[in-house]
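User: I would like to learn how to read the arrangement of chains and their interfaces in a structural model. Could you take me through it step by step?

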Amino acid sequence: MLGQYLNALREQGPLIHCITNTVTMNDCANALLAVGGSPIMADDPDEVAEIAALAGGVVLNIGTLRRQNLNAFYGAGREAVRRGIPVVLDPVGAGASRLRTETARGLWKELPLAAIRCNLSELRALLGEGGGARGVDAAPEDLAASASLRERAAQIGALARRAQTMVAVTGEVDFVSDGVRTFAIRGGHPLMARVTGTGCMLTAVTGAFLAASPQQPLEAAAAAVCAMGLCGARAHRRLLEKTGREGTGSYRVLLMDELACLTGGELDGGEDIEIFERAD
Amino acid sequence: MLGQYLNALREQGPLIHCITNTVTMNDCANALLAVGGSPIMADDPDEVAEIAALAGGVVLNIGTLRRQNLNAFYGAGREAVRRGIPVVLDPVGAGASRLRTETARGLWKELPLAAIRCNLSELRALLGEGGGARGVDAAPEDLAASASLRERAAQIGALARRAQTMVAVTGEVDFVSDGVRTFAIRGGHPLMARVTGTGCMLTAVTGAFLAASPQQPLEAAAAAVCAMGLCGARAHRRLLEKTGREGTGSYRVLLMDELACLTGGELDGGEDIEIFERAD
Amino acid sequence: MLGQYLNALREQGPLIHCITNTVTMNDCANALLAVGGSPIMADDPDEVAEIAALAGGVVLNIGTLRRQNLNAFYGAGREAVRRGIPVVLDPVGAGASRLRTETARGLWKELPLAAIRCNLSELRALLGEGGGARGVDAAPEDLAASASLRERAAQIGALARRAQTMVAVTGEVDFVSDGVRTFAIRGGHPLMARVTGTGCMLTAVTGAFLAASPQQPLEAAAAAVCAMGLCGARAHRRLLEKTGREGTGSYRVLLMDELACLTGGELDGGEDIEIFERAD
């Protein structure tokens with residue numbers, strides 16, 4: 001069902017303008033190339049509007065935020081919104097510092113975002129629900145692993161309605177919700193959390209999927225999340241076959257290989273998704 | 001014929017001062033180390049002249065340009081020129097924004113460059129010939145694939161004369177020209193374009209070849225281009241042998257391996273070059 | 001003997017706040033994750049104190065120093081010192097420019113550092129002993145390879161006393177000294193110097209070991225140095241077994257794999273350490 005969105009992305013090759021953190025920007029660029037997009041990183045306030053205008057999607061990631069770069073975020077974001085180009089926000093570390101929380105909230109309030117891609121702690125911090133982020137990882141109490149899948153999907157759906165934007169919240173199970181429908185997506189592998197940037201890569205890739213299929217944003221974002229999870233799981237199997245151990249250097253390389261080689265048909269075949277409709 | 005330039009580079013191990021973009025700077029540093037150079041990245045205006053003075057070559061890459069960094073570009077560039085140290089410019093994305101186009105033009109006009117390394121769209125934008133760059137990739141109409149090799153070499157030669165500097169223009173076929181002689185170099189593999197930074201790496205490596213053989217700049221730059229193309233092709237063959245598919249993560253690793261292991265003799269044996277002299 | 005410090009690190013998973021250079025920050029983040037730490041990179045002056053306060057260790061690396069970032073170094077460093085959080089300094093390139101030398105000296109003079117991790121040229125430059133650094137590599141005359149191990153350990157011990165802080169000085173043989181006891185640690189492989197960032201990774205990892213075992217700083221830092229050297233040697237053996245050649249791309253991946261897979265028991269079994277006590 002979701003493979004078509006990968007096919008559309010590979011056919012269109014949208015240009016994705018990323019204003020993203022310096023830790024993982026190389027991985028984001030390579031992940032975009034792997035799934036069929038074309039990355040451009042540009043963050044000078046004097047050029048971001050021009051670059052955003054060329055792009056099919058804009059990705060804002062606050063992972064190594066500097067206050068002086070706020071103008072770049074807003075300049076690119078506003079131009080994209082004006083042109084109907086989807087903007088995806090990754091509020092990395094929201095909750096860990098006032099600067100990050102306020103910046104994430106400000107971007108969310110000012111820009112009609114196409115999606116917020118983050119973990120549950122970051123989303124709750126952005127929405128002003130407190131949350132106990134520890135650095136860039138989700139707080140344990142936010143993982144809510146004891147709740148049933150349906151309850152957790154309902155929680156994410158409610159947050160999406162509060163956010164008034166689509167959210168893609170990754171964790172042990174990933175959720176994508178527009179507030180009405182919520183996709184619960186199983187996949188991935190815990191080793192993904194031991195490679196920096198897998199979340200940032202997913203955010204960038206989500207921007208590319210949305211750029212290629214702007215009319216079906218929920219399905220496009222779910223396809224991005226599902227593709228990343230499937231590749232994470234496949235890369236782990238291949239890692240064990242090839243090396244017999246969990247080396248994170250090799251795992252990172254294999255994850256990129258999977259992203260580059262994944263086909264629409266494989267995505268269709270590898271989906272593990274449950275869809276919950278809002279009951280009330 | 002060109003292997004000697006690689007040998008000279010490995011023997012001398014020149015220090016290369018890079019002011020380069022944050023997306024691919026790690027790859028540039030590793031590529032320089034792989035071919036035998038020694039990288040130093042430094043872009044504070046207060047130290048660039050001192051660092052450039054220590055270096056055998058200076059590489060300026062505007063890939064994630066910030067206006068506030070112009071002083072660093074000029075500070076390093078002027079000191080290098082004053083000392084006769086070759087300066088290589090990579091006008092990444094010239095044509096995609098006014099800031100990039102103007103910065104590239106300004107650096108080209110103010111600094112006697114040893115070489116400009118870019119794609120055809122970027123070179124034409126720098127020279128004010130318009131061109132339709134889309135992000136950081138060459139515009140299709142600039143690829144001129146229908147023209148004969150001789151015609152395309154003549155086009156590049158004319159651009160080099162207009163630029164009044166040596167140019168290394170990569171694409172389906174790569175060209176290096178000083179306006180009088182033009183080397184047309186076949187090699188590489190299309191998969192190189194699906195790994196971010198292969199162009200930036202070539203620019204950095206060109207700086208190292210020029211630093212080691214400043215008296216034969218055309219041959220030295222051609223050796224850099226030829227080495228990168230040969231390694232790109234060899235890495236692709238090895239990738240298929242090893243994995244049977246085109247994973248871009250593994251390809252990037254293998255490309256670096258090839259750069260590290262390439263010998264002068266292999267470069268001599270792997271050259272596929274035609275040289276065109278200016279007829280008029 | 002030192003394996004317990006790795007075990008403690010993997011059990012505690014300390015958050016490490018890095019203000020580090022843009023060339024190798026991705027490698028530093030992945031190295032921290034590999035050994036069991038949790039990285040956060042944050043360098044806006046407005047958030048560094050908050051982030052440092054969350055962390056178990058703070059790592060300051062001046063590799064791509066910008067004068068405007070000095071406030072971030074001091075802001076994070078002072079908050080960490082106030083809270084008793086260990087601060088590790090990597091004075092990358094001290095001696096290569098006045099900005100770097102002065103910045104390194106300033107940080108050393110103002111902040112009670114838990115450790116300085118660098119090469120001998122950088123340490124001597126920081127201490128005002130001149131030294132002839134060439135870029136970011138140690139000057140040949142600083143390597144002092146002709147001296148006996150005991151003499152070299154005594155030299156490092158004297159420098160640690162002058163620095164009034166623990167030093168971890170890497171080179172052909174690595175030394176960790178608090179001025180009273182000096183560990184001479186053999187390991188590593190020359191190929192490590194052909195991959196950018198192995199020094200920066202070690203500095204970051206040292207911060208994590210110190211965060212996990214702040215009561216035994218000398219042993220903890222020695223464990224970090226020993227772990228990195230052991231992994232460098234093991235990765236080289238594995239590289240030759242797997243590929244039969246010295247490709248630096250593959251070597252870098254394997255080095256990360258070794259860091260991720262190293263156990264306390266393997267560290268105990270692989271140590272090659274001599275300990276010198278101050279005689280006078």
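Analyst: What follows goes from the relation between chains to their interfaces and then to a single residue. Please keep in mind throughout that this is a predicted model.

User: How does one describe the relation between two copies of a chain, and what rotation and shift superpose chain B on chain A here?

Analyst: In general, two copies of a chain are related by a rotation about an axis and a shift along it. In this model, chain B is brought onto chain A by a rotation of 120° with 0.0 Å of shift along the axis, and the superposition has an RMSD of 0.0 Å. That is the relation of a three-fold axis. The copies use different surfaces where they meet, since 13% of the contact residues of chain B recur in chain A.

User: Which residue of chain B comes closest to the rotation axis?

Analyst: That residue is B:Thr22, whose C-alpha lies 3.8 Å from the axis.

User: How is the size of an interface expressed, and what area is buried between chain B and chain A?

Analyst: The size of an interface is often given as the accessible area lost when the parts come together. Between chain B and chain A the buried area is about 2600 Å², with carbon and sulfur atoms giving 44% of it, and the contact takes 31 residues from chain B and 33 residues from chain A.

User: How many salt bridges and polar contacts are there between chain B and chain A, and which helices of chain B supply at least two residues each?

Analyst: The interface of chain B and chain A has four salt bridges, and there are 16 residue pairs in polar contact, counted with both residues at pLDDT 80 or more. One salt bridge joins the side chains of B:Arg66 and A:Asp43, at 2.5 Å from N to O. On the side of chain B that touches chain A, helix H5 (98–110) and helix H10 (248–261) each supply at least two residues, and the largest share, five residues, comes from H10(B). By class, that side of chain B has eight nonpolar, twelve polar and eleven charged residues.

User: What does the interface between chain C and chain A look like when described in those terms?

Analyst: Chain C and chain A bury about 2700 Å² between them, of which carbon and sulfur atoms give 44%. Within chain C, the residues that lose the most area to chain A are C:Asn26, C:Leu33 and C:Glu47, which together account for 17% of what that side buries. In this interface, 33 residues of chain C are in contact with 31 residues of chain A. There are four salt bridges between chain C and chain A, and A:Arg245 and C:Glu258 meet through their side chains in a salt bridge of 2.9 Å, N to O. Helix H2 (25–35), strand S2 (38–41), helix H3 (48–54) and helix H10 (248–261) of chain C each supply at least two residues of the side that touches chain A, and H10(C) gives the most, with seven residues. By class, this side of chain C has 16 nonpolar, seven polar and ten charged residues.

Definitions and conventions: Residues numbered from 1 in each chain as written. Chains lettered and ligands numbered in written order. Predicted model: local features only at pLDDT ≥ 70, side-chain atom pairs only at ≥ 80, totals over all residues. Heavy atoms only, no water. Contact = heavy atoms within 4.5 Å. Buried area = accessible area lost by both parts, 1.4 Å probe. Helix = DSSP H or I, 4+ residues; strand = E, 2+ residues; numbered from the N terminus. Nonpolar A, V, L, I, M, F, W, Y, C, P; charged D, E, K, R; others polar. Least-squares fit on C-alpha atoms with pLDDT ≥ 70 in both. Polar contact = N/O pair within 3.5 Å; in protein donor to acceptor, adjacent residues only side chain to side chain.
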